[in-house]
Amino acid sequence: MTNGFMSKSESKSAIQRGLLLYELISPIQKTAKQFHQELIDKGYKVSIRTVERDLARLVEVFPGQINHIRKFPPFGYKLRDA
């Protein structure tokens, strides 16, 4: 990254990663750590903090579909009940 801007390949990777995270969200609650491991298993080299930021963005973009559970640890994410 240079000058605070992502290169095209970094931007594409971030978009692909976000779409994959969205696909991995299910009705069963998962932690950021579990999502992180799933991304690692799929070949992404990304930090847990990046995954946490990506998940937070998905909650902001899709508030009606994704629930961020903060009641008690371990905190997690799941699809909202229909």
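Modeller: A residue counts as buried at under 20% relative accessible area, as exposed at over 50%, and as partly exposed in between. The model discussed here is predicted.

Colleague: What does the secondary structure of the chain come to?
Modeller: Read along the sequence, the elements follow the pattern α-α-α-β-β. Counted by type, the secondary structure comes to three helices and two strands.

Colleague: What share of the residues of the chain count as buried?
Modeller: The chain has 82 residues. The cut-off for buried is under 20% relative accessible area. The share of residues that count as buried is 32%.

Colleague: Among contacts between residues at least 6 apart in sequence, what share join residues at least 24 apart?
Modeller: Contact here means heavy atoms within 4.5 Å. Among contacts in the chain between residues at least 6 apart, the share that join residues at least 24 apart is 44%.

Colleague: Are α2 and α3 roughly perpendicular or roughly parallel?
Modeller: Helix α2 covers residues 32-41 and helix α3 residues 48-61, and their axes are 9 Å apart. The two pack at an angle of about 110°. Angles of 65 to 115 degrees count as roughly perpendicular, so α2 and α3 are roughly perpendicular.

Colleague: Does α2 pass α3 in a left-handed or a right-handed crossing?
Modeller: A crossing is right-handed if the near helix is turned clockwise from the far one by less than a right angle. The crossing of α2 and α3 is right-handed.

Colleague: Which residues in α3 do those of α2 meet?
Modeller: On the side of α2, the residues are Ala-32, Lys-33, Phe-35, His-36 and Leu-39. By class, the contact of α2 with α3 has six nonpolar, one polar and two charged residues.

Colleague: Where is Val-51, buried or exposed?
Modeller: Val-51 is found in helix α3. Apart from residues up to four places away in sequence, Val-51 touches Leu-21, Ala-32, Phe-35, His-36, Leu-39 and Val-46. The relative accessibility of Val-51 is 0%, so Val-51 counts as buried.

Colleague: What distance separates the C-alpha atoms of Val-51 and Arg-17?
Modeller: Val-51 and Arg-17 are 34 residues apart along the chain. Their C-alpha atoms are separated by 8.9 Å.

Colleague: How many aromatic pairs does the count come to?
Modeller: Rings pair if their centres lie within 6.5 Å. By this rule the number of aromatic pairs is two.

Colleague: Is the aromatic pair of Tyr-22 and Phe-62 stacked or tilted?
Modeller: Planes under 30 degrees apart count as stacked and over 60 as edge-to-face, with the rest tilted. The rings of Tyr-22 and Phe-62 lie 4.7 Å centre to centre, with 40° between the planes. The pair is tilted.

Colleague: How many residues apart in sequence are the parts that Tyr-22 and Phe-62 tie together?
Modeller: Tyr-22 counts as partly exposed at 29% relative accessibility, and Phe-62 counts as partly exposed at 28%. Tyr-22 lies in helix α1 (residues 8-24), while Phe-62 lies in the loop between α3 and β1 (66-69). The separation in sequence is 40 residues.

Colleague: Are Phe-35 and Tyr-77 buried or exposed?
Modeller: Phe-35 and Tyr-77 form an edge-to-face pair, 6.4 Å centre to centre with 70° between the planes. Phe-35 is in helix α2 and Tyr-77 in strand β2 (residues 76-79), 42 residues apart. Both Phe-35 and Tyr-77 are buried.

Colleague: Which residues is Val-59 in contact with, leaving aside neighbours within four places in sequence?
Modeller: Val-59 lies in helix α3 and is buried, with a relative accessible area of 17%. With neighbours within four places left aside, the contacts of Val-59 are Ile-66, His-68 and Tyr-77.

Colleague: What is the relative accessible area of Gln-37?
Modeller: Gln-37 lies in helix α2. Gln-37 is partly exposed, and its relative accessible area is 41%.

Technical notes: Residues numbered from 1 in each chain as written. Predicted model: local features only at pLDDT ≥ 70, side-chain atom pairs only at ≥ 80, totals over all residues. Heavy atoms only, no water. Axes fitted to C-alpha atoms, helices over the stretch in contact; angles between N-to-C directions. Helix = DSSP H or I, 4+ residues; strand = E, 2+ residues; numbered from the N terminus. Parallel < 35°, antiparallel > 145°, perpendicular 65-115°, else oblique. Nonpolar A, V, L, I, M, F, W, Y, C, P; charged D, E, K, R; others polar. Phe/Tyr/Trp six-rings, centres within 6.5 Å; stacked < 30°, edge-to-face > 60°. Buried < 20%, exposed > 50% of the residue type's maximum accessible area, 1.4 Å probe, protein only.
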